[in-house]
Structures are given as C-alpha cells and as structure tokens.
Amino acid sequence: MSGSAQRARRAAQVAGAGRASAREARTPVCVRVLVDASCPRWLALAARDALVPDRGGARVLVEGADRPVSAEGPDAALVLAGEGRGALAAGAWARSGVPTALLAPGSAPGAEGVEAIAVSAPGELAAPLGAWLAAATDRPLAMASAFPVCRAAVCAARVRSCAARNAALAALAPAHGADLPIMCANQASLALETAAAGNLGLGAARAAEVAAVCALGTLWRACARALARRSGLPARATGALVAAAGTLATGAALAAGRAAAASLARGGERTGARAGAGRARDDGYVTIGEAR
C-alpha cells in the first residue's frame with residue numbers, strides 16, 4: 001500500500017473513531033440518588049450541585065433511601081446518609097448489580113460491593129465523586145459528557161491509556177519510524193475522545209486540534225531522536241520515554257486550550273450560571289435536599 005493510501009486509511013480510522021466517541025457520548029445515562037433521612041442538608045445540596053446534567057439524555061432520579069431496588073437499574077446509584085448510616089440501602093443496590101457509592105460525612109460504613117466516600121465539607125465531594133463515576137460505569141464518555149464533575153477523571157484516564165499505548169509502540173516498533181503515523185493517529189483519536197467527554201461537538205475546532213496534535217507528535221519524535229544522540233541511551237528506550245511524556249503533555253495542552261477557549265467564549269460565567277440554574281429551578285429534575 002502506498003504512503004498516501006496509508007495516510008488516507010488512518011485519517012478515515014481517526015474520523016470513524018471520532019464519530020464513534022461522539023455517539024457513545026450521547027448515550028442516555030441515569031444516576032439514581034437515594035437520600036436517607038439522616039443525610040445532612042449540606043451533603044444533599046453539594047450532591048445536587050455536582051450532578052446538574054450538561055446535556056439532554058441525562059437523568060438524575062432522587063428518592064428516599066428506603067425505596068425498593070427496581071428491576072430497571074440506573075447506570076449508577078448514590079446513597080446519601082448521615083455518619084455511620086446507609087449501608088443497608090447501598091448494599092441492596094450493589095447486590096442488584098448497580099455500581100453503588102455511599103456518601104456520608106465523617107466516615108462512611110463499609111458494605112460489600114459499595115464504594116464508601118467520606119466527605120467532611122461540601123468542597124470535598126466533587127473530586128472523589130467524579131473519580132468514582134468515571135471508573136464505576138461502563139459508559140465513561142457518556143457519563144463525562146453528561147456530568148462535568150467526572151470529566152477530568154475520564155479524560156485523564158484516556159490520556160494515560162494513550163500514553164501507555166504509544167510508549168509500547170515506540171519500544172516495540174519493527175522498523176525505525178514506522179510507529180510515528182500510528183502514534184499520531186492515536187493522539188488524534190485521543191483529541192476526539194476527550195472532546196466527546198467534554199460535550200464538545202465535531203467541527204472546525206476539532207479539526208484544528210487534530211492538526212495541532214499531529215504536529216506535536218512529529219515534534220516529540222524529533223525530541224526523542226535528539227535525546228538519544230545526546231544521552232547515548234538506546235533509541236527505543238528514549239523513544240518510549242518521550243512518547244509517553246509527549247502524549248501526557250499533549251493531553252494537558254488540549255485541556256488547557258479548551259479551558260481557555262471556554263473562558264473567552266463565555267466570559268467565565270458558564271460554571272456559575274449552571275450551578276445557579278440547578279439551585280434556582282427544577283428543569284424536570286428533582287432538586288435534592290431542598291426540603292431537608
């Protein structure tokens with residue numbers, strides 16, 4: 001196969017991967033929040049603010065913790081309870097096969113198959129909740145596009161996975177330079193995957209990102225060759241090291257660029273407006289903690 005045909009094939013593969021990621025990110029998701037009578041008001045409000053959906057097709061169902069387990073389970077279940085409470089309700093949902101977390105102040109009681117998340121202040125909830133949602137479900141892109149709280153964790157996992165693949169390619173490539181087009185394609189697919197996780201559509205901005213990512217891939221390869229010449233280390237070892245570090249740096253650059261673009265486009269008001277909307281109105285979702 002000629003070089004131009006190979007490039008066209010890889011471009012088609014990247015485009016197909018991008019469309020597949022976009023479809024996965026639009027998959028409907030449902031999170032069920034079960035509030036125990038012992039749950040403190042601040043914890044319920046913090047969970048409410050963390051789980052404001054960012055797109056259509058995402059549902060948050062909020063009920064009492066004494067609700068029986070339903071046959072049609074959600075993608076994830078969160079039990080909110082007071083310190084030392086909620087283990088029975090959380091265990092019942094976990095035994096039904098639903099990924100389940102128990103959120104409680106101070107120390108969360110353990111239960112088989114349940115992720116215990118202890119929170120002592122409202123500001124401590126987002127990071128562990130986002131990390132758990134990113135890892136617990138089998139639809140991380142859909143969950144990330146729906147709930148901003150888990151986007152950073154999902155994107156970080158995708159970047160780490162791509163870095164590991166590219167490092168292995170650089171270390172095991174059968175011919176000198178044969179791995180570069182594949183690594184560039186991996187990084188281009190990474191750009192489209194993380195865009196889908198961020199609820200960003202395909203378009204001119206994504207095409208610019210893909211072009212920039214491929215240019216960075218060529219830069220990382222030049223850095224690897226220069227490092228091998230200057231250090232005297234084996235070319236494959238330096239190639240693997242730079243491939244991993246370069247992919248991680250590319251992921252960080254994508255995140256920084258998107259954050260800057262969002263800030264400029266919205267004047268830094270989007271986060272506050274979304275959180276305020278969640279507090280001010282229902283929009284078809286039950287507002288948790290309001291009556292507590």
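Modeller: What follows covers the sheet, then the helices against it. The model is predicted, so local features need pLDDT of at least 70 and side-chain atom pairs count only at pLDDT 80 or more, while totals for chains, interfaces and linings use all residues. Residues are numbered from 1 along each chain as its sequence is written, and side-chain values use heavy atoms, with hydrogens and water left out.

Five strands form an open sheet in the order β2-β1-β3-β4-β5, paired in parallel. At its edges are β2 (58-64) and β5 (114-119), each pairing on one side only. On average, neighbouring strands are turned by 20° against each other, direction ignored. Strands (E, at least two residues) and helices (H or I, at least four) are DSSP runs, numbered from the N terminus; two strands pair if DSSP finds at least two bridges between them. Strand β1 (residues 29-35) is joined to β2 by seven bridges, and the two run parallel. L34 has E63 in β2 as its bridge partner.

Helix α2 packs on this sheet, touching β3 (76-80), β4 (100-105) and β5, with its direction at about 135° to that of β4. Contact means heavy atoms within 4.5 Å. Angles run from 0 to 180 degrees between N-to-C directions, with axes fitted to C-alpha atoms, for helices over the stretch in contact. Helix α3 (residues 87-95) lies across β1, β3, β4 and β5, at about 165° to β4.

R41 belongs to α2 (residues 41-50). Its relative accessible area is 36%, so R41 is partly exposed, the class between buried (under 20%) and exposed (over 50%), with a 1.4 Å probe and protein chains only. Its C-alpha is 9.8 Å from that of G82, 41 residues apart along the chain.
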